Amino acid sequence: MNVNHLLRSASTQDVYSNGGARIIRESPIQTSANNNECPAVVYHGLESSPPDAGGVVTNVYKASTETNEEASARLSSVVRLMSNDLGNASADLKYSYEAALESLSPHLAEKGWGFSISGGELKVIAGSETLSEQEMDSIREALLSTGVKYGAERVSSTVIEAIELDRGPAGVSNGIGRYDVSDGNFGDVVDLRLYLQSHALGGRYGQHRVDPSDAAGLFYTGGQAMMDQIVARAEESFARPYNFGRIEV
């Protein structure tokens, strides 16, 4: 599964941060430089002059300790999480979900509904068809009885970890990290039944099966399928600002 287009390498940049404010400097600061050889602060804003020259300091930033090698390793971990790790977690979810379907009546199993998880709570999502409260309870009980909650937690935590890791020390991203997906809102963003169905025969990502018995391998495009929903539903709360790289001293 290729998610490289969702990631942006930081191999040639140093990251600066100060709480919620973030910038990137295009040329690295030499760590071997003496204190008196580097400015104590970096000024950023429309007023480029330091205070003693009549300017206004809008933000002060501190250099990140992340090296280029560490940044590369971090982004490699993001790719691993959204491919191998997500595939293994999705396989467990698939088995428990299919077991839950078998315990439901064919009529209820085929109805339009979904499920997800937020804050450790499994939730049934109403679809295009109206479900009674009793039907909702029956679906929830079936999912819980076969361990779907555990599988859902593994999938959600893997995706959330990858998204948060992509932001790096700067806390912003041009890749998957720009989307606001957390333990508290995962269930509002991702329908896990829709995700699983997209990998079933006839689904968007179920067209190129090599070995149907390799459940984890069936989800080698799991990262792409997950991002389909995230891109459509999540807020870009951590997108890198257009002027993120500007530094004035």
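How many helices and strands does the protein have? I counted eight helices and five strands. I note here that the model is predicted.

**Order of elements.** I followed the chain from the N terminus and wrote down β-β-β-α-α-β-β-α-α-α-α-α-α.

**Whole protein.** I looked up burial next: 41% of the 249 residues count as buried. The exposed surface comes to about 13,000 Å², and carbon and sulfur atoms supply 48% of that area. I then checked how far along the sequence the contacts reach. Taking contacts between residues at least 6 apart in sequence, I found that 70% join residues at least 24 apart.

**Helix α1.** I found α1 at residues 68-103. Does its length agree with what its residue count predicts, or disagree? At 1.5 Å a residue, the 36 residues should span 52 Å. The C-alpha atoms at the ends of α1 are 52 Å apart, so the two values agree. I also recorded a bend in α1 of about 40° at Leu-86.

**Glu-66.** I located Glu-66 in the loop between β3 (62-63) and α1. Is Glu-66 buried or exposed? Its relative accessible area is 17%. Buried means under 20%, so Glu-66 counts as buried.

Which residues does Glu-66 touch? I left aside its neighbours within four places in sequence, and the contacts were Ala-71, Arg-74 and Pro-169. With Arg-74 there is a polar contact between the side chains, at 2.8 Å.

Technical notes: Residues numbered from 1 in each chain as written. Predicted model: local features only at pLDDT ≥ 70, side-chain atom pairs only at ≥ 80, totals over all residues. Heavy atoms only, no water. Helix = DSSP H or I, 4+ residues; strand = E, 2+ residues; numbered from the N terminus. Buried < 20%, exposed > 50% of the residue type's maximum accessible area, 1.4 Å probe, protein only. Contact = heavy atoms within 4.5 Å. Areas by Shrake-Rupley, 256 points an atom, 1.4 Å probe, with all protein chains shown as cover. Polar contact = N/O pair within 3.5 Å; in protein donor to acceptor, adjacent residues only side chain to side chain. Expected span 1.5 Å × (residues − 1). Bend = angle between axes of the 7 residues up to and from the residue.
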